[in-house]
Amino acid sequence: MFDAINVNELYLRWSQAREKGSTLNLIDVRSLEEYQSGHVPGAQLIPLHTLMARVSDIPENGDVYLICRSGARSAQAADYLARQCGRMNLFNIQGGTMAWLQQGYPVD
């Protein structure tokens with residue numbers, strides 16, 4: 001259905017994309033308030049409660065990375081996108097933004 005990666009793997013992929021002048025399809029499914037308190041640079045906000053209505057905002061091609069606070073809501077989002085929408089190449093970020101911050105990676 002979907003794969004899970006940790007924040008260290010995400011950081012590697014995120015850094016490689018930036019070096020090439022591109023970005024990852026990174027979707028943050030937290031609330032607006034959580035997102036505003038700090039998020040992975042380049043992450044697009046699509047709160048979990050709006051996901052069904054905003055599926056068309058999520059790229060159909062290429063890898064899509066889903067992140068939340070700890071990995072639970074993003075796993076729900078990945079499961080929904082895989083099962084209900086037939087999406088592939090989905091990656092849930094284990095540990096979420098909390099783990100990203102604990103590693104000292106950049107935030108906006």
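1. Ground rules. This is a predicted model, where local features need pLDDT of at least 70 and side-chain atom pairs count only at pLDDT 80 or more, while totals for chains, interfaces and linings use all residues. Residues are numbered from 1 along each chain as its sequence is written, and side-chain values use heavy atoms, with hydrogens and water left out.

2. The sheet. Five strands make an open sheet, ordered β1-β5-β4-β2-β3, with parallel pairing. β1 (3–6) and β3 (44–45) sit at the edges with a single partner strand each, so one side of each has no neighbour in the sheet. Helices (H or I, at least four residues) and strands (E, at least two) are DSSP runs numbered from the N terminus, and two strands count as paired if DSSP finds at least two bridges between them.

3. One pairing in detail. β2 (residues 25–28) runs parallel to β4 (residues 64–67), and the two are joined over four bridges. Across this pair, I27 stands opposite L66 in β4.

4. How α1 sits. Helix α1 (residues 7–19) lies across β1, β4 and β5 (90–94), at about 85° to β1. Axes here are lines fitted to C-alpha atoms, for helices over the stretch in contact, with angles from 0 to 180 degrees between N-to-C directions. At its N-terminal end, α1 is capped by N6, with a side-chain oxygen 2.9 Å from the backbone nitrogen of N8 (a polar contact is a pair of N or O atoms within 3.5 Å; within protein, one must be able to donate a hydrogen and the other to accept it, and residues adjacent in sequence count only if both atoms are side-chain atoms). Just past α1, G21 has a positive phi of about 80°.

5. V7, L10, W14, S15 and A17 are the buried residues of α1 (buried is under 20% relative accessible area, exposed over 50%, partly exposed in between, with a 1.4 Å probe and protein chains only). They cover an arc of only 160° around the axis, which puts them on the same side of α1; the arc is that of the directions from the helix axis to the C-beta atoms. Their packing partners are β1, β4, β5 and α4 (96–102), with contact meaning heavy atoms within 4.5 Å.

6. And α3. Helix α3 (residues 72–83) lies across β4 and β5, at about 170° to β5. Its buried residues are S74, A77, A78, L81 and A82. These cover an arc of only 130° around the axis, which places them on the same side of α3. Their cover includes β4 and β5.
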